[in-house]
Amino acid sequence: MADEKDREEIIVAEFHKKIKEAFEVFDHESNNTVDVREIGTIIRSLGCCPTEGELHDLIAEVEEEEPTGYIRFEKFLPVMTEILLERRYRPIPEDVLLRAFEVLDSAKRGFLTKDELIKYMTEEDRVSLCRLGW
Amino acid sequence: MGCSSSSTKTRKSETSLKAALIIQNWYRGYKARLKARQHYALTIFQSIEYADEQGQMQLSTFFSFMFENYAHVHKEELELRKQSLESEQDMRDRHDYVDLIDVPDSYNGPRLQFPLTCTDIDLLLEAFKEQQILHAHYVLEVLFETKKVLKQMPNFTHVQTSPSKELTICGDLHRKLDDFMIFYKNGLPSESNPYVFNGDFVDRGKNSIEILMILCVSFLVYPNDLHLNRGNHEDFMMNLRYGFTKEILHKYKLHGKRILQILEELYAWLPIGTIVDNEILVIHGGISETTDLNLLHRVERNKMKSVLIPPTETNRDYDTDSKHNKVGVTFNAHGRIKTNGSPIEHLPKHEWEQVVTIFSASNYYEEGSNRGAYIKLCSGTAPRFFQYQVTKATCFQPLRQRVYTMESSAIKILKERVISRKSDLTRAFQLQDHRKSGKLSLSQWAFCMENILGLNLPWRSLSSNLVNIDKNGNVEYMSSFQNIHIEKPVQEAHSTLVETLYRYRSDLEIIFNAIDTDHSGLISMEEFRAMWKLFSAHYNVLIDDSQVNKLANIMDLNKDGSIDFNEFLKAFYVVHRYEDLMKPGVTNLG
């Protein structure tokens, strides 16, 4: 029992260090804050893949009551630790990613042209995003 | 019928949309990881640079230590000091010296006409683009003239701007006027296009003298419109470490020493800073809470060895808070800078609305590492910032390639640090490795690395590039030293000795150069032994004197009792095994 608690403490401690490293590298003024626009990059660099919607929610969670444009490490750390412990926002498995490309490549050529990629990435659709749960 | 076909269509577009979203999501992650890697690489560069600066400070104190403790070297140090002091007689003699240097007819480089005009600036720009070298005669003459004018100037230059006369402020150049980008982008200096260059024009590159020439000539042509501030690299000790001295001695084999001498004098006369519109202070290295302008105005700047070390006894620490500021542009939007006659000597911190740091050397660490910037100022309007990057080849490289280049470069430099501490690191690892398994936890490995190397780096994030990690997440710590080793100049040399000499090679080079006052490249065995004794005492290096002596004897190839120290130091170098330089990158989904 105690052993397991120790192990969890160690894991949390390691997560803390990992998160600190990822955070500090964007902390340009060395004052434990980062620009809110870098939060997405930081979270993703730690191996998580939230959608834009999920990211917005996260930012709201770590922002100050009166948004300053900066996120403080003290607020970010607990939230990020939870995410890592719960293994939230896991990246999409490679085979799913491959299938996604194959869906767009209807002619089964094995590639997409630059124009096609642009078209698919920027096209708006009448199907609302909510319906897809994204 | 129609219904089902439209629902298939809807389903199909739903799938496409989902696919697109998946790809977008993956790509954001991919890009973020690239960006993070880029930042990690930058952190490595900055950390090492900072450590080097600390090393430079330690070297300065070593010189004082040397001066106090060794009568033998005492004489040498006096020679050094004498060089920096100047006498009228000396100066007159030196000026005559310039006339004695003939420019042969066979010389194809640019020929300057004194008094200088803007034609000469164009001439130099063209010539330098063609990789030509300016003849020593002209170099010396330009330096003399520049020094003469600088001597007349106060410690701070006052500049006024107006809507038709915007001022451009540039930070560190470090020989990065690549293709003289700033002048092409923002125009050559002139009465209507004034510039301030905030120090650090030289070092770290192959064209420092050319940059300096352009700046000095422009200054002589437009003395009221081109302003130069002294940076911490306008200092002969920095030049020794960071390459400018080498560049000069290489390009000007005959007259290099003279050029170096006059350069040192010129540095001392460069103004400390520029004050714009009585509101804005432009100064290298920024300010601290105790910056006292009144004092700075009165200081005898030509007695300052370096812009970071003032000559006064009262310990005004000019660079305490500004370690990371390469250059400071301080804006005081509300009031005026209180100068002479004001009851308030020290500026209270809250009066400084803003401090801006400007850095103008793009690709400073590596191709694609960063952009440079400059500021355009005009009274009454907000300052405008311009960024640029001299890219040539990298412009067309994808982000992934650019990041890889930077990262490789950074890791390579870091590994060189690691190998130079192999003995100390191994000892530290083994101390932690109670079970003698050859493995440590990531945490333990990171702890050792940080402690021994003294570099505050994100070790965990960098670990995959530096060591082998097994499937349990444990580090095989001896793999920190794989694929790289220091070449042993002689087989008998002990590893610790080799490592130490490799680690301190820059410092030793500077010390040797300082001792070698006639720039012959040789020092006597006696001088070497004396210097080494002091060095090992000051730097706490626990190496047997006899070992070093033995090594020196072996290196004394001519057996004439003198050591060619350049050869000596060059013998210690690092060999990388290139195939394994980079661990295979983390997969895209990693």
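**Figure 1. The contact between chain B and chain A in a predicted model.** Chain B gives 33 residues to the contact, and chain A gives 35. Together the two chains bury about 3200 Å². Carbon and sulfur atoms carry 68% of that area. The model is predicted, and totals for interfaces use all residues.

**Figure 2. Polar links across the interface of chain B and chain A.** Four salt bridges cross the interface. Residue pairs in polar contact number nine between chain B and chain A, with both residues at pLDDT 80 or more. Three helices of chain B each supply at least two residues to the side that touches chain A: α1 (2-69), α14 (442-453) and α15 (459-466). The largest share comes from α1(B), with 24 residues. By residue class, the side of chain B that touches chain A holds 15 nonpolar, 12 polar and six charged residues.

**Figure 3. The salt bridge of Glu21(A) and Arg460(B).** The two side chains meet at 3.7 Å, N to O. This pair meets the salt-bridge rule because the cut-off between such a nitrogen and a carboxyl oxygen is 4 Å. Arg460(B) belongs to helix α15 of chain B.

**Figure 4. The surroundings of Arg460(B).** Neighbours within four places in sequence are left aside here. From chain A, Arg460(B) is in contact with Glu14(A), Lys17(A), Lys18(A) and Glu21(A). From chain B, the contacts of Arg460(B) are Leu442(B), Ser443(B) and Ala446(B). The side chain of Arg460(B) also makes a polar contact with the side chain of Ser443(B), at 3.3 Å. Is Arg460(B) buried or exposed? Arg460(B) has a relative accessible area of 11%, so it counts as buried under the 20% limit.

**Figure 5. Ser409(B) in helix α12 of chain B.** Helix α12 covers residues 399-419. Ser409(B) is buried because its relative accessibility is 17%, and the limit is under 20%. Which residues does Ser409(B) contact, leaving aside its neighbours within four places in sequence? They are Phe45(B) and Glu366(B).

**Figure 6. The separation of Ser409(B) and Leu293(B).** Along the chain, Ser409(B) and Leu293(B) are 116 residues apart.

Methods
Residues numbered from 1 in each chain as written. Chains lettered and ligands numbered in written order. Predicted model: local features only at pLDDT ≥ 70, side-chain atom pairs only at ≥ 80, totals over all residues. Heavy atoms only, no water. Contact = heavy atoms within 4.5 Å. Buried area = accessible area lost by both parts, 1.4 Å probe. Polar contact = N/O pair within 3.5 Å; in protein donor to acceptor, adjacent residues only side chain to side chain. Helix = DSSP H or I, 4+ residues; strand = E, 2+ residues; numbered from the N terminus. Nonpolar A, V, L, I, M, F, W, Y, C, P; charged D, E, K, R; others polar. Buried < 20%, exposed > 50% of the residue type's maximum accessible area, 1.4 Å probe, protein only.
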